[in-house]
Amino acid sequence: MMKEAVKAIAALSGRNVIVAAPSSSAVGILKKDDFSKSDTVQRFMLDELLQEAARGQVLWVDEAGFLSASDMRWLVEFASKNDCRLILSGDTRQHHGVERGDALRVMETNGVVTQAALTEIFRQQIPALRAAVHDLSQGKSAEGFDKLDKFGAIQEIEDNAQRLSAIVRTHLAAVELKRTSCQHRLPRPGHRSATSLVVAPTHAECRAIAEAVRAELKKTGLLAETERVVTRLQNTGLTESQRRDPINYERGQVVEFHRLSKGGFKSGQQWEVLRREAGQVMIGRAGQERLLPLSSAAKFNLCEREKIEVAPGDRIRVSKNFQSAGRRFRNNELLTVTGIEDGKITVEAGEIISRGALHIDQGVCVTSHASQGKTVDQVIVSVPVRSFTHANDAQFYVSMSRARHAMYLFTDSKAALREAVCRPSERLSPWELLEGNRREKALVKEALQSPKRRLPIPTMELPTQERGLGYERG
C-alpha cells in the first residue's frame, strides 16, 4: 500500500516523499521494503540536512502510533512552518510508545486528521484466521478470541512443564522443516509452516521458554554444546525525571551515554555506578572517577548487567541500535550466531565486537512489543496465568496477527485468559482527563438547574474511544 501511495503522491503532486518512523526496527522494515533513504523521527528532528531536504515536500511517518505527544507536536509545527504535507500511518489498536501521550489516537478520536482506512487484511492466508484477526483489529477481542478457540488455535495445558514441552515441540517442528527444505520457498496455504516466532508478555516468560528450547536444541545437535557467557545490558526503563534523582542509582549499575554530555562524556561510553554521596552520583571507568551530570539525564540511560549463554546456532535479539565492525545493528533485529570466541560474536553478515557489556538478548522468544512489525509463517504465543498482568487487547492483537498460516496460543486457563485479553490497553491523555471532567461538571450543573431535580443527578464515565481503522502492511 505504501509503495503505491508514495508513487501516486510523487507523480500527482510533483513533490518528494520523505519517509520516517519512530523506531529503528520500523525503519529497518521500511529499508527492506525499498524505502532505502528512510530514517528515524529522532534523527530527522536533529539533522538539519534532512530537515532542509523535507521543506516544501511530503513527510510520511509510518508506525505513527508510537509517537509521543511532544514529538507529534514538533512534527506538526515543522510541517506548518515549512509548507509540508504530513501523512501519518499506523494502527492505534496496537502497542503505543513508552513516552507519554498517545498522540495519534487522540488526534483520530477528536477528528483533527483526515482518515483513510485499509479494509482488507492480506497477511493472514487462512480465511478463519483472517476473520479472527479482523475482529481483533476492530477491538472485538472476545469475538476474535472465540473464533481462534473454535479454530483450535488456543490450547489449555495446566501443567507448566507440559505446556513448555508443547511450545518447544511446535516451534522445533518449524525449525526442522526450515532446515531440511529450501529456505527461500515459502509454504503454500494449508501446508506446514517454516518460519516460526515465539511470543510471550513478559521477559521472565521469554527466558523460561528460551531455556527449554535451547535445551532441546542441544539434544538434537542443532545448538553447539560449547557456549560462552556474555554480559548484556538491560535498560532499567527509568524516565528522564527518574534518572535525575540520585535515589534511583545502585552500585554496579551502568550509565551509558548516547550523546556528548558536559563533563567530557562521549557517546557510547559506559560508566559504572560507584556510590551515592550528598545527593550526587559518582561513576567510574578505567580507574577514573567522575560526577554524573544528573541535569543531563536526557543524554544517557541507566542499565543493569545480566549474564546470558550464547553458542553457535543460537538466535539472539539486538536490544539497542549500535554499530560494530562496519555493520549497523538495529533494535529488535533477530540474528543467528555462527561463531563465538573471546570478544567477538559472528552473526549473519557481520561481527559483534565486545568493548564492554553488549546490547543483545536471547532471540528464541520475544515480547509482543518486540514482535510488532514482524511477519512469519507461524506464531506461538505463551500466556500463562502468572503473566496476565501484562495481557491486554493490544498484546493479544499484536501477538496473534504476526502469522501468515498458523497460530498457536498456550495457556493454563482459557476462561481467565479470555477475560484478560479483553482489557483495554489505552491510557488517558491529560487532555482526555480534563475534557471528561468538564463534561461531567456540565451535566451535573444542567441537572441541578433542571426543574426535574427529583430525578437522580446523572453521572458520566469517560467516553469510550472510537479509533480509525488501520492495518499494518502484511
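What share of the contacts in the protein chain with a separation of 6 or more comes from residues 24 or more positions apart? In this predicted model, such residues account for 70% of those contacts.

## Overall composition

The protein chain contains 15 helices and 22 strands. It has 474 residues, and 46% of them are buried.

## Helix 7 and its surroundings

Helix 7 covers residues 127-137. Its buried residues are Leu129, Ala132, Val133, Asp135, Leu136 and Ser137. The cover over these buried residues includes helix 8, helix 13 and strand 22 (403-411). After helix 7 comes glycine 139, which has a positive phi, near 80 degrees.

Two packed helices are described by the angle between their axes and the distance between the axes.

## Helix 7 against helix 8

Helix 8 spans residues 141-151, and its axis is 7 Å from that of helix 7, at an angle of about 160 degrees. Helix 7 is therefore roughly antiparallel to helix 8, since angles over 145 degrees are classed this way. The crossing of the two is left-handed.

On the side of helix 7, the contact is made by Ala128, Leu129, Ala131, Ala132, Asp135 and Leu136. Helix 8 contributes Ser141, Glu143, Gly144, Phe145, Lys147, Leu148 and Phe151. Sorted by class, the residues of this contact are eight nonpolar, two polar and three charged. Leu129, Ala132, Asp135 and Leu136 of this contact are also among the buried residues of helix 7.

## Helix 7 against helix 13

Helix 13 is formed by residues 393-400; it packs on helix 7 at an angle of about 150 degrees, and the axes are 10 Å apart. These two helices are therefore roughly antiparallel to each other, and their crossing is left-handed.

The contact joins Val133, Leu136 and Ser137 of helix 7 to Phe396, Tyr397 and Met400 of helix 13. Its residues comprise five nonpolar and one polar, with no charged residues. Leu136 takes part here and is also listed in the contact with helix 8. Val133, Leu136 and Ser137 are all buried.

## Helix 8 against helix 13

How do the axes of helix 8 and helix 13 cross, and within what distance do they come? They cross at roughly 40 degrees and come within 11 Å. Helix 8 is therefore oblique to helix 13. This crossing, too, is left-handed.

Helix 8 uses Ser141, Phe145 and Leu148 to meet Asp393, Phe396 and Met400 of helix 13. By class, four of these residues are nonpolar, one is polar and one is charged. Ser141, Phe145 and Leu148 of helix 8 also belong to the contact with helix 7.

How many disulfides does a search of the whole structure find? The number is zero. For cysteine 206, the closest cysteine sulfur is that of cysteine 365, at 3.6 Å, which is too far for a bond, because a disulfide requires the sulfur atoms to be within 2.5 Å. Cysteine 365 is likewise in no disulfide, and its nearest cysteine sulfur is that of cysteine 206.

Are the two cysteines buried or exposed? Cysteine 206 is buried, at a relative accessible area of 2%. Cysteine 365 is also buried, at 1% relative accessibility.

## Histidine 203

Histidine 203 belongs to helix 10, which runs over residues 203-220. Its relative accessible area is 38%, so histidine 203 is partly exposed. Between histidine 203 and cysteine 365 there are 162 residues of sequence separation, yet their C-alpha atoms are 8.8 Å apart. Leaving out residues up to four places away in sequence, histidine 203 touches Arg317 and Thr367.

## Arginine 85

Arginine 85 is part of strand 4, residues 85-88. It is partly exposed, at 47% relative accessibility. Alanine 54 is 31 residues from arginine 85 along the chain, and the C-alpha atoms of the two are separated by 9.8 Å. Apart from neighbours within four places in sequence, arginine 85 is in contact with Arg15, Gln57, Val58 and Leu59.

Definitions and conventions:
Residues are numbered from 1 along each chain as its sequence is written. This is a predicted model: local features need pLDDT of at least 70, side-chain atom pairs count only at pLDDT 80 or more; totals for chains, interfaces and linings use all residues. Side-chain values use heavy atoms; hydrogens and water are left out. Axes are lines fitted to C-alpha atoms, for helices over the stretch in contact, and angles run from 0 to 180 degrees between N-to-C directions. Helices (H or I, at least four residues) and strands (E, at least two) are DSSP runs, numbered from the N terminus. Angles under 35 degrees count as roughly parallel, over 145 as roughly antiparallel, 65 to 115 as roughly perpendicular and the rest as oblique. A crossing is left-handed if the near helix is turned anticlockwise from the far one by less than a right angle, and right-handed if clockwise. Contact means heavy atoms within 4.5 Å. Ala, Val, Leu, Ile, Met, Phe, Trp, Tyr, Cys and Pro count as nonpolar, Asp, Glu, Lys and Arg as charged, and the others, Gly among them, as polar. Buried means under 20% relative accessible area, exposed over 50%, partly exposed in between (1.4 Å probe, protein chains only).
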